[in-house]
Amino acid sequence: MTERKGAPLSSRRKPKQARSNELVAAILEAALQVLEKEGARRFTTTRVAERAGVSVGSVYQYFPNKASILFRLQSDEWKQTSGMLCGILEDAQRPPLERLRMLVHAFVRSECEEAGMRVALSDAAPLYRDAPEAHETRAAGDRIMQAFMREALPDADEAVRALASELITTTFSAVGKQFSESPRTDAEITAYSDAMADMFCAYLRSLGHGQAREQEMRKRPRRPARG
C-alpha cells in the first residue's frame, strides 16, 4: 500500500455535468465496495475501475491516485460526522448535557452501522492523515466541540475546556472503534451509549462544580494570620 509522500489528495478536476457527477458517484460507490471487501491493503485504482465498470483512465480523470480516492471517502465521512456534530451540539433549544447525551447515542450507533467502512478507512489513514486537507477537516470538528464546551462550561478556564474537549473526542474515536468492531444488538448499543453518556455528563458536572467552588473560595475574604 505504498504511495509517494506528498502525492496530491484533492480531486484532479471537479465534475461539471450530470454525466460526470454520475461517473464520480459510481467510482466512489465502487471504491466503498472494494474497500469493504478487500480492505485497505488490497485497495487499488484498478480494482475500483473494474468494480465501477469503467476504464482506469476514467478514474484518473478525477482522482490522481488511490490515496485521493480514500481521502475523498474519508472526507465525506468526516463531513457527515461534522454535520451530525453541528446538528446536535448547536441545538440551543436543548440543555448542553442533553445534547451531549444525544450525540453519544447518535455517534455510537453510526459507528456500529458503518463499522466495516470505518475500520477500513482507519487502516488506510497513513496514506493521508498528515496531509493539510486532513488536518483542516479534523480541525473543523474540533472547533465545533470547543464551541460547545464554552457553552457547557462557561465559568471554566480555557485550558480546562480544551482538556475536556480533547478527552471526549479522543474517547469517541478510540472507544467507538473498539466497540463497533464486533456485531452489536440494539440493546447493547443503547446500554453502551447510556454508560458513555453518563460518564461524560458526570465529568462535565464535576468540572462545573469544581470551578464554581474555586471561584467561591476566591471571593471569600482571607482571615488574618494569627500572631
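These questions and answers cover helix packing, nonpolar cores and cysteines in a predicted model. Residues are numbered from 1 along each chain as its sequence is written. Local features need pLDDT of at least 70, side-chain atom pairs count only at pLDDT 80 or more, and totals for chains, interfaces and linings use all residues, while side-chain values use heavy atoms, with hydrogens and water left out.

Me: At what angle do helix H5 and helix H8 pack?
Reply: Helices here are DSSP runs (H or I, at least four residues), numbered from the N terminus. Axes are lines fitted to C-alpha atoms over the stretch in contact, and angles run from 0 to 180 degrees between N-to-C directions. With the axes of H5 (residues 96-113) and H8 (residues 158-180) 9 Å apart, the angle is about 35°.

Me: Which residues does Leu103 contact, leaving aside its neighbours within four places in sequence?
Reply: Contact means heavy atoms within 4.5 Å. By that rule the partners of Leu103 are Met84, Leu85, Ile88, Leu89, Met145 and Phe172.

Me: How many residues has the largest nonpolar core?
Reply: Such a core is a set of buried Ala, Val, Leu, Ile, Met, Phe, Trp, Tyr and Cys residues joined through side-chain atoms within 4.5 Å. Leu103, Met145 and Phe172 are among those with the most contacts inside it, and its size is 27 residues.

Me: Is Cys112 buried or exposed?
Reply: Buried means under 20% relative accessible area, exposed over 50%, and partly exposed in between (1.4 Å probe, protein chains only). Because its relative accessibility is 18%, Cys112 counts as buried.

How values were computed. Helix = DSSP H or I, 4+ residues; strand = E, 2+ residues; numbered from the N terminus.
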